[in-house]
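Please work through each task before reading its solution.

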Amino acid sequence: MARPGHARSRPSLKEGEDEDAEDPLDAMISRTGCAAQHRELQECMAERQDWRHCQPQVRAFGECMARRQRAEE
């Protein structure tokens, strides 16, 4: 089953796979340095059920990702 906030379903585990293995999307976001902003956005979305009510968190996450992208250029 997908983690809260992720719109995709997780494929069935194959034999030998760890059920607690980190989600690839979570791992990717952690590498950006924007995990805290992403977590706040996900919490707001879970609570409010409407991204329009989470604009400060959307902006904070977007700004963090934009800073990361500029730093890579």
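Axes are lines fitted to C-alpha atoms, for helices over the stretch in contact, and angles run from 0 to 180 degrees between N-to-C directions. The model is predicted: local features need pLDDT of at least 70, side-chain atom pairs count only at pLDDT 80 or more, and totals for chains, interfaces and linings use all residues. Residues are numbered from 1 along each chain as its sequence is written, and side-chain values use heavy atoms, with hydrogens and water left out.

**Exercise 1.** Determine how many helices and strands the protein has.

*Solution.* Helices (H or I, at least four residues) and strands (E, at least two) are DSSP runs, numbered from the N terminus. The protein has three helices and zero strands, and its pattern along the sequence is α-α-α.

**Exercise 2.** Describe how H2 and H3 cross.

*Solution.* Step 1: the axes of H2 (residues 35-48) and H3 (residues 55-72) come within 9 Å and cross at roughly 155°. Step 2: angles over 145 degrees count as roughly antiparallel, and H2 and H3 are therefore roughly antiparallel to each other. Step 3: contact (heavy atoms within 4.5 Å) involves Gln-37, His-38, Glu-40, Leu-41 and Cys-44 of H2, and Gln-57, Val-58, Ala-60, Phe-61, Cys-64 and Arg-67 of H3.

**Exercise 3.** State what share of the residues is buried.

*Solution.* Buried means under 20% relative accessible area (1.4 Å probe, protein chains only). Buried residues make up 21% of the 73 residues in the protein.

Note on methods:
Buried < 20%, exposed > 50% of the residue type's maximum accessible area, 1.4 Å probe, protein only. Parallel < 35°, antiparallel > 145°, perpendicular 65-115°, else oblique.
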